[in-house]
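The sequence and the structure are shown first.

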Amino acid sequence: MHLLNLIKLVVNLIKGLSKEEPKSVPSSSDNKEELTPEFIFNSAYGVYGKNTVLAHLAISQAILESALFVNPSKLAREGKNLFGIKGVGTDGSIELLTWEHIDGEDLKVPAKFAKHKLYADSFKQHYDLMHKPRYASVLKASTLEEAAREVSKAGYATDPKYSTKIINT
């Protein structure tokens, strides 16, 4: 599936028109992961089930955060972290420079990001993060637009245009 087909798939998902049934997210014992649009789709639905809003949010965030299907970020390639989540993952951490918007300025700063053994672990970590009290309003969202605004308000990213970027992804 190429980028154009992925875009069509995401648009259809958002409109509720997709007839595709998601397959389950690969288990941590499955070492045959390929970072394809189908994998992203199946992983998002594998962790979020019938919650299409959060599945769409995860798909959009993975594409935005990792520059998937264009030139995947070093964090995605080497850390198997598709969401830019900081901290510790299933394979420890990886320190990289990142852009942060601090006091009205865009600054490049070092940060420790979660590193995973599998891309599927990244989706599981996203699910766990979204179920923390800080993101309660995201779980209540009924549209991708609302979820994007709420995840931004909850401080997921420092970029003041983050919600707009998610929606436009």
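Predicted model: local features only at pLDDT ≥ 70, side-chain atom pairs only at ≥ 80, totals over all residues.

Residues are numbered from 1 along each chain as its sequence is written, and side-chain values use heavy atoms, with hydrogens and water left out. The chain contains eight helices and two strands, where helices (H or I, at least four residues) and strands (E, at least two) are DSSP runs numbered from the N terminus.

**Overall make-up**

- Read from the N terminus, the order of elements is α-α-α-α-β-β-α-α-α-α.
- The chain has 169 residues, of which 42% count as buried; buried means under 20% relative accessible area, exposed over 50%, and partly exposed in between (1.4 Å probe, protein chains only).
- Of the contacts (heavy atoms within 4.5 Å) between residues at least 6 apart in sequence, 54% join residues at least 24 apart.

**Helices H3 and H7**

- Helix H3 (residues 52-66) packs against helix H7 (residues 144-153) at an angle of about 65°, and their axes are 9 Å apart. Axes are lines fitted to C-alpha atoms, for helices over the stretch in contact, and angles run from 0 to 180 degrees between N-to-C directions.
- On the H3 side, Val-53, His-56, Leu-57, Ser-60 and Gln-61 take part, and they meet Leu-144, Ala-147, Ala-148 and Val-151 of H7.
- The residues of this contact comprise six nonpolar, three polar and no charged. Here Ala, Val, Leu, Ile, Met, Phe, Trp, Tyr, Cys and Pro count as nonpolar, Asp, Glu, Lys and Arg as charged, and the others, Gly among them, as polar.
- The buried residues of H7 are Leu-144, Ala-147, Ala-148, Glu-150, Val-151 and Ser-152.

**Aromatic pairs**

- The structure holds seven aromatic pairs. Rings of Phe, Tyr and Trp (its six-membered ring) pair if their centres lie within 6.5 Å; planes under 30 degrees apart count as stacked, over 60 as edge-to-face and the rest as tilted.
- Phe-39 and Phe-123 form an edge-to-face pair, with 6.4 Å from centre to centre and 80° between the planes. This pair links distant parts of the chain, as Phe-39 lies in helix H2 (residues 37-48) and Phe-123 in helix H5 (residues 119-130), 84 residues apart.
- Phe-39 is buried, with a relative accessible area of 8%, and Phe-123 is buried at 0%.
- Phe-41 and Tyr-45 make a tilted pair, with 5.0 Å from centre to centre and 45° between the planes. Both residues lie in helix H2, four residues apart, about one turn of the helix, and both are buried.
- Ring pairs also link Phe-39, Phe-83, Tyr-119 and Phe-123 into a cluster.

**Positive phi angles**

- Most residues other than glycine have a negative phi.
- Lys-80 has a positive phi near 50° and lies in the loop between helix H4 (74-79) and strand S1 (93-102). Lys-80 is partly exposed, with a relative accessible area of 24%.
- Asp-103 has a positive phi of about 50° and is found in the loop between S1 and strand S2 (105-114). Asp-103 is exposed, at 75% relative accessibility.
- Gly-155, which follows H7, has a positive phi near 90°.
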